[in-house]
Amino acid sequence: MKNVEELFEEGKAQMDRIQVPDELEMRLRNALEKAEPKPKPLFFYQRQARQFKIALVLVLALLIGFNYNAIASYGKQLFGYDQVMDGTLRELNELGKGQLIGKSHTFPNGVSLTVDYVMLDENQLLLFYTVKAPAGDVTNALSPFMSLHNLFGESRCISSQGRINEEESEVKYIASFEPPSSLARKLTLNFALNGQGVSTPAEITFALDRNTAMGHTIKKDLNQTIVVDQTELKFQSIVASPTQTVIKGAAQSIFGLAIDTLSGERFRPTDINLRLIANGEAIEVKGRGLSTDMKGITFHTNFDALPASLHELKLELVSFSADHDVNQQYSLNREEKPQVLDMLGQQVEINQIETTHGETLLTLTSEESVVLTKVYLLADGQQIALEETINDDYVKSSDGTIKHQRTLRFLGTGKDLQLDVRRMTYSKNYNKVINIPLD
């Protein structure tokens, strides 16, 4: 009998002689490829999820790191005020300049006010707020008087504008206030519900983030003077900020006001027309004003913001208007047509004198800016007050210029007529330019 080892050797030799069919390898390979994979342990998938989360966090960190300013700016943008903002404010909004507030107050009748946003720079504080009135008539829902207070005083409201929706249930407002004290950190908006003579007060207090303030781009004293008419216009300062550019000056000191009052030759500016030219282009005027107080007569003109790239800046006095004391009587000649009267250097034509039904109608023509602000008719020595101005029109004069024609109506008449002019307003063109240095 053969032993075990011999049997194993014979079996091995027989196996080596077996020829495997070529197609068997292909069938086995195909079978393995079609077979379902063996499920992997749960910890394998948990490890993959953790790796994916880590990778996602790293990618987000890289994106935020490279685009932090853009993301922060987008988060601070104000929406819904496109129709109220001008081009300058839209640009600032797109850059994310300003501070989101989002605080509101709702009255028992459903009327609400929400302070949405604040922009602050050297010239002004802009308050963006929404008023809602579910019952409609939102423009009359709140009292028009509102104020902005802080620990160091009050910021006066300069102007405001808004946009109402079609349902008249919501208005988006932008109000301009004087910039608060540099020490102010909290502001309180005081407002009231408006209704049949009774106002219900309310307030919204919010913290002011000074880090969002935009400051100024140009701030300097001008110390320039232009002689006009009976006075000197002193241009004192210019402050250019991201929201607007403000020119300030004085037309008369308090001492000059006192002298004019005592002498009976009162002089009151009524309009100062300025033009600000940057890089050869005129900057849009946003508003102007005159005020008389213990400082005398001061003026300001607000322009749009200056261009970012600035290489030339000029200020032009276009024209100046003032109300002057005249205190003169002019004899009227019915036969002379037209009769030309010289009033403080201004030419006034008397075109027609008509008497009817005990009334005197006096038709005159002058430059558009000439206005007789205080005038009487002396009829046979009797003073008759002006009743009204009628037939206000514009006509072309013999030299082709357009002039202002109107008719003065007096309730009385007489043979000997005189025009008693106490005060008049007129404007003069100057076109004087001041170069503003940029260094």
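**View A. Arg-423 and Asp-323 meet in a salt bridge.** The N-to-O distance here is 3.3 Å; a salt bridge means a side-chain nitrogen of Lys or Arg within 4 Å of a carboxyl oxygen of Asp or Glu. This pair ties together distant parts of the chain, with Arg-423 in strand β24 (residues 417-435) and Asp-323 in strand β17 (residues 313-331), 100 residues apart. Strands are DSSP runs of E with at least two residues, helices are runs of H or I with at least four, and both are numbered from the N terminus. Arg-423 is partly exposed at 22% relative accessibility, while Asp-323 is buried at 11%. For these labels, buried is under 20% relative accessible area, exposed is over 50%, and partly exposed sits in between (1.4 Å probe, protein chains only). Keep in mind that this is a predicted model: local features need pLDDT of at least 70, side-chain atom pairs count only at pLDDT 80 or more, and totals for chains, interfaces and linings use all residues. Residues are numbered from 1 along each chain as its sequence is written, and side-chain values use heavy atoms, with hydrogens and water left out.

**View B. Asp-420 pairs with Arg-422 in another salt bridge.** N and O are 3.0 Å apart in this one.

**View C. Glu-170 reaches Lys-132 across 38 residues of chain.** Their closest N and O atoms are 3.8 Å apart, making a salt bridge. Glu-170 belongs to strand β7 (residues 170-177) and Lys-132 to strand β3. Both ends are partly exposed: Glu-170 at 23% and Lys-132 at 41%. The salt-bridge count comes to 12, and elsewhere Asp-86, Glu-284 and Lys-286 are linked in a network of them.

**View D. Five strands make an open antiparallel sheet.** The order runs β1-β2-β3-β7-β6, where two strands pair if DSSP finds at least two bridges between them. β1 (99-106) and β6 (157-164) each have a single partner strand, so one side of each is left without a neighbour in the sheet. Inside the sheet, 8 bridges join β2 (residues 112-120) to β3 (residues 125-132), and Leu-120 stands opposite Leu-125 in β3.

**View E. Ile-254, Phe-255, Ile-259 and Met-294 form a nonpolar surface patch.** Patch members have over 30% relative accessible area and no salt bridge, with nonpolar side chains (Val, Leu, Ile, Met, Phe, Trp, Tyr) joined within 5 Å and like charges within 9 Å. Phe-255, in helix α5 (residues 254-263), is exposed at 59%.

Methods:
Areas by Shrake-Rupley, 256 points an atom, 1.4 Å probe, with all protein chains shown as cover.
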